[in-house]
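Dear colleague,

Here is the structure I said I would pass on. My notes on it follow below.

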Amino acid sequence: MDKKLPPQPPQTVPFVSMNSLQSLFQFPEGIPSVQIYKSHDYVSMPWKNGLGDTVEFAIRPAGRNPTRDPFVWRLSSSEIRDSCTQALMPGYDISVVLLPNEHESTIDFIHHDGAEHTTVYPMEPYTYSGDWPTNCRIPKTNPVKHLNFMVNRKLAQYSMSIERFYPMADADETADEFTVKRHLAPRDVTIEPASPTNKFTIGRFTVLFIISGSVKVSIEGDQHPHILDAGQTLVSERDDNIAPTDLSITPISHGSDNGDPAVVLTIQVQVFKTERSQTESVSSSPRLVPQPGIPTRRRTLSIINLHDDAHMDPEGTYPSTHHGTSAHQYKPPVFAARYKNESEVPPPVVRDSLVIEDYPMGTISTAWINMVKQGLSEWMRVPVIIARGVEPGPVVGITAVVHGNELNGVPCIHRVITDINVHTLKGTLVAVPCVNVPGYLRFSREFSDGKDLNRSFPGQPTGTASQVYNYNFFEKIITKLNFLIDLHTASFGRVNSYYVRSDLNDPVTAAMAKLQQPQVILHNSGQDGTLRSEAAIRGIKAITVEIGNPQLLQNQYVQWSYMGVMRILNYLGMFQNEFADTSPMGPNTLVCSKGFWIYTTTGGVLEVYPQVNSIVRKGDLIARIKNIFGNIIQEIFSPNSGIVIGRSSNPVAMTGDRVVHLGILKKENEILPKIAKENY
């Protein structure tokens, strides 16, 4: 039975140099080492998105986790049950071999958003660069299985062939060698057919995978031949200092084979010598090499020392030398970071409305949902991600970018989808990473007609552009939900604390708000044309989460909101996770019974003094307005004691502009009003 790879905790993986990877290889003396892998040695890796499974046969260096650690090469198989997006593997070349199937299905590999399109047929190896954005398309009802070989192109090169060995005397005459069909990658990869004979000289690594039949493998100098059956893998490792060694493959007949050949995938891997790796590493670095007799220029206050006594450290980076600055050496993201930031969702389909039952349980799907026709008579569409669990349960929606420049919700959704494992999910998660598509493209809060979408829900079937758009969005998507988490940020010229708007008289939405563990919870009953309030009118339990500032991606706010969403999913019994918290509310969360904005009564240069999440007292000076010559023309004092939920960050103030969003702290045993609105 295949072993399953246990869930891996998030880790920070240090940069691993080529030399350190190569140093992990230890070779025996005299003859190559041989390892045989059978089904019980393989590692099973179900895809969290439910679209397929991977089984790892062998990896070098052994014991590496391919989602976390750099490696030299890896052989695996994948069963794909639906069209999907292939994970980027920068620096690696990938060869796939589609295995025979009863439906004679093919795989379409689509690179660069359709610019490159190749159909792969069974038993024809195909190679592409892991740097390429790649979609994989298969027949809808026919899952396919393929072998997958990946190699780090800076560390090694390889050749691959598929050969048939007939169990009869004239095997040499009837051996059928398959031609390698390859797609040129940006960097040339040596993929050549191996000899059709059953004897060859082995390389640094020789990998055999038995696709069908049985064979006997003999290695020169080894007195014990190895018998391999279908589905088994042999890995031979040879030190370059060992004399050239031959390997022979002999088919074995079991009497019931009817003359069927043994089919073997043969891979030869040559690892570059250390000196070559060092040369490539240095030559590919953006290093300035001083020329003899020519003085090296040195820029005043440079961060990195560029004169000729600068040397790279063993990891290939320059030491940081400070010249009166506080700058520091940049460190790129580690290898494993990409796996914590990629959702691995399949290519989208186009639909007129969200019908959850159209998407299979136990998978993640994506769709473009038609909203309205734009000026070119083409559909304006909203992106939707649908994660359906293997068991029934609630339908939870997460929306972002109702205002086009409020972006922190986008990476929050990406992180949630990345961490959702549909095999343990109960119910359905519907995520809309961009509601206001025109505003998003124009970096604008408003819709294309200049209206605020979040003041005109549920919209109207006929009317202004924003009203019709809201109507279609609400009817086609929101009405399918049981719960809603609407993600926002401050608008242009303002900054926010991390806070939640919720009707605290509703025990469910109050619990959802507390599980976000924000800095502030603001009681707001709705009735104001917002998406949250209209959802509540329709019986959908909804909260609004305000996470930071506009037209930015702020990791701390994103992480807070992501953890809050995961707590809510756990609270609803949908998805257990590490962020489950039995405490009802964060220890530092403040609850406000109401809130309001303080506005200017004149125009000028605005200076706002308290920061967000600051407590102010009634009568405190909170802002001044100066004229353009510097004279103070107005001082603004707090009319109440409370907490600064948000504030203006725009010093250019017109009469009637916002200054501070003040929250009034809830008193102990205070009864909250049934209707609580704000002066937006």
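Is Asn-669 buried or exposed? Asn-669 is exposed, at a relative accessible area of 70%; by the cut-offs used here, buried means under 20% relative accessible area, exposed over 50%, and partly exposed in between (1.4 Å probe, protein chains only). Asn-669 is found in the segment after strand 38 (658-665) and has a positive phi of about 65° although it is not a glycine.

Before the rest, some ground rules. This is a predicted model, in which local features need pLDDT of at least 70 and side-chain atom pairs count only at pLDDT 80 or more, while totals for chains, interfaces and linings use all residues. Residues are numbered from 1 along each chain as its sequence is written, and side-chain values use heavy atoms, with hydrogens and water left out.

Overall figures

The protein has nine helices and 38 strands. Helices (H or I, at least four residues) and strands (E, at least two) are DSSP runs, numbered from the N terminus. Of the 680 residues, 51% are buried. The accessible surface comes to about 31,700 Å², and carbon and sulfur atoms account for 53% of that surface; accessible areas come from the Shrake-Rupley method with a 1.4 Å probe, and for residues only the protein chains shown count as cover. Among contacts (heavy atoms within 4.5 Å) between residues at least 6 apart in sequence, 71% join residues at least 24 apart.

Four strands make an open sheet with antiparallel pairing, in the order 6-11-8-9. Strand 6 (84-86) and strand 9 (116-120) are at the edges with a single partner strand each, so one side of each has no neighbour in the sheet. On average, neighbouring strands of this sheet are turned by 25° against each other, direction ignored; the axes are lines fitted to C-alpha atoms, for helices over the stretch in contact, and angles run from 0 to 180 degrees between N-to-C directions. Strand 6 pairs with strand 11 (residues 134-137) in the antiparallel sense over three bridges, where pairing requires that DSSP finds at least two bridges between two strands. Thr-85 stands opposite Asn-135 in strand 11.

Backbone points to check

Two cis peptide bonds are worth a look. One joins Arg-60 and Pro-61, with omega about -5°; Pro-61 sits in the loop between strand 4 (52-60) and strand 5 (73-80). Another runs from Phe-457 to Pro-458, with omega near 10°, and Pro-458 is in the loop between helix 5 (437-441) and helix 6 (465-476).

Val-401 has a positive phi of about 60° although it is not a glycine. Val-401 lies in the loop between strand 24 (391-400) and helix 4 (409-419) and is buried, at 0% relative accessibility. As for helix 4, nine of its 11 residues are buried, so helix 4 is largely enclosed by the rest of the structure. The buried residues of helix 4 include Cys-412, Arg-415 and Thr-418.

Salt bridges

Side chains of opposite charge can pair when their charged atoms come close. Taking a salt bridge as a side-chain nitrogen of Lys or Arg within 4 Å of a carboxyl oxygen of Asp or Glu, the count is 19. Among them is the one between Asp-69 and Arg-68, with the closest N and O atoms 3.6 Å apart; both Asp-69 and Arg-68 are buried.

Arg-501 and Glu-546 also form a salt bridge (3.0 Å, N to O). Arg-501 is in strand 28 (residues 498-502) and Glu-546 in strand 30 (residues 541-547), so this pair ties together parts that are 45 residues apart in sequence. Arg-501 and Glu-546 are both buried.

Lys-541 and Asp-506 form a salt bridge as well, with the closest N and O atoms 2.7 Å apart. Lys-541 lies in strand 30 and Asp-506 in the loop between strand 28 and helix 7 (507-515), so the pair ties together parts that are 35 residues apart in sequence. Lys-541 is partly exposed, at 27% relative accessible area, whereas Asp-506 is buried, at 17%.

Regards
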